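Please examine the structure shown below.

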Amino acid sequence: MRGIYIHVPFCARACPYCDFDFQVGRAPDTEAFLAGLEREVSGRAAELAEWTGPEGHGGTDLSEATWSTMYLGGGTPSLLGPTGLASLGEWLARRFPGAGTAEFTIEVNPEHGDEALYAAVRAIGGTRVSLGTQSTEAEGLRTLGRVHSPTQALASITAAATMGLRVSADLIVGWPGQTAAGVHADVARLTAAGAEHVSVYALTIEADTPWPTLVRRGKRRLPDSDHQADMLAAAEEALTGAGLQHYEVASYARAGAEARHNLLYWTWQDYLGLGPSAHSARYFADGSVLRRGNVRGLPTWAKDPSTPAEAERLTPEAAAIEGLWTGLRDLRGLEVAAYLRRFPAVTRAWIEHRTRRQVARGNLEWREEGQTLRIAPGRWYWHDAVAADLLA
């Protein structure tokens with residue numbers, strides 16, 4: 001498996017909690033963005049040539065590479081509209097023919113999610129949409145600064161499902177004033193509308209977002225960590241009760257509806273990132289990893305899109321350390337044999353030594369006669385603390 005991520009850096013407005021890379025404006029310059037993508041791919045020709053061929057061992061053009069998944073994120077890809085999506089789809093088909101056959105996801109804001117948009121999604125090969133619903137409560141949407149209504153949120157899910165698209169819905173929990181009953185109602189509405197995958201995120205406020213300024217003006221409150229934990233617990237209870245499996249720290253899905261592209265990140269697969277702030281990773285036979293991050297900001301990226309902001313090659317052991325904690329995001333368990341094939345510089349004894357403290361604390365456990373290692377039930381709340389210990 002190998003995937004492509006395209007960062008579409010346009011939003012109609014800035015949500016007060018969001019620190020993603022985007023440019024505000026209701027008329028995205030699709031033509032200029034596509035020109036930037038073309039310059040990036042052309043400028044990275046020597047690097048990308050190494051990705052081509054059935055096993056990534058070099059070739060003549062990008063059409064020889066096998067790109068199993070495609071993900072258009074942002075920003076707000078749906079702000080491009082049917083015409084802009086069609087133009088982006090034409091560019092992708094020319095540069096990466098056949099990409100996304102296993103899964104092709106496009107992020108959509110509910111206010112854009114109508115039949116015309118979903119027809120455009122299907123026309124460019126899209127198989128799945130990730131909807132930024134965030135809440136189905138009017139109060140929650142106002143607090144989070146979203147422009148769509150609860151009715152639009154649910155209608156956009158139903159419309160996508162009706163068009164034959166797989167649907168993932170985002171849910172933000174822990175906003176001030178939210179209740180456990182409200183979370184249960186959110187889940188009931190989302191799943192009834194047709195969402196078969198739900199990503200749940202605790203409201204996190206970064207210093208450089210508008211939220212702290214709104215707090216100082218008395219227009220917002222900072223989230224409370226204990227309240228967030230309670231709302232995360234309510235979400236897990238509601239989602240698993242609705243028949244979705246908690247398969248990844250922040251993700252729940254019905255059987256067969258897991259996000260294949262996102263799992264690439266946690267199961268040590270190659271992925272190519274294009275566009276401002278997009279990241280790439282390529283794994284090598286010795287277990288080392290080449291990572292690259294594009295510059296942040298559309299204007300800066302557009303000036304020289306092929307020059308990275310950062311690039312490093314992790315040593316086999318450093319890559320194994322990072323791979324250990326990313327692999328543990330999959331709550332179904334890290335398969336030790338697969339891990340050792342990807343990171344041959346380490347051994348099972350090395351894994352046991354590095355994880356002994358967290359196993360002793362009950363945060364990690366061995367399963368299937370030691371064939372898998374996983375976050376213990378109920379301990380996923382502490383995944384970040386476990387990760388920090390493993391990385392230390």
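Beyond its neighbours within four places in sequence, Gln228 is in contact with Gly174, Ala202, Leu203, Thr204 and Pro223, where contact means heavy atoms within 4.5 Å. Gln228 lies in helix H9; helices (H or I, at least four residues) and strands (E, at least two) are DSSP runs, numbered from the N terminus. Because its relative accessibility is 14%, Gln228 counts as buried. Buried denotes under 20% relative accessible area, exposed over 50%, and partly exposed in between, with a 1.4 Å probe and protein chains only.

The model is predicted: local features need pLDDT of at least 70, side-chain atom pairs count only at pLDDT 80 or more, and totals for chains, interfaces and linings use all residues. Residues are numbered from 1 along each chain as its sequence is written, and side-chain values use heavy atoms, with hydrogens and water left out.

A nonpolar core is a set of buried Ala, Val, Leu, Ile, Met, Phe, Trp, Tyr and Cys residues joined through side-chain atoms within 4.5 Å. The largest such core has 84 residues, and Ile6, Phe96 and Tyr339 have the most contacts inside it. Helix H9 (residues 225–241) provides the largest share of this core, six residues. Apart from it lies another core, of eight residues, including Cys15, Trp175, Leu203 and Ile205. Tyr339, leaving aside its neighbours within four places in sequence, is in contact with Trp268, Ala320, Ile321, Gly323, Leu324, Leu334, Val346, Trp350 and Ile351.

Helix H4 (residues 115–123) has Leu117, Tyr118, Ala120 and Val121 as its buried residues. Viewed down the axis of H4, these fall within an arc of 155°, so they line one face of the helix; the arc is that of the directions from the helix axis to the C-beta atoms. In general, an α-helix has 3.6 residues a turn, so residues three or four places apart point the same way. The buried residues of H4 pack against helix H3 (81–95), strand E5 (103–108), strand E6 (128–134) and helix H6 (150–162). On the face of H4 turned away from its buried side are the exposed residues Glu115 and Ala123. Gly125, which follows H4, has a positive phi, near 100°.

An open sheet is formed by three strands in the order E15-E17-E16, with antiparallel pairing; two strands pair if DSSP finds at least two bridges between them. Strand E15 (334–335) and strand E16 (364–367) are the edge strands, each pairing on one side only. E15 is joined to strand E17 (residues 372–375) by two bridges, and the bridge partner of Glu335 in E17 is Thr372.
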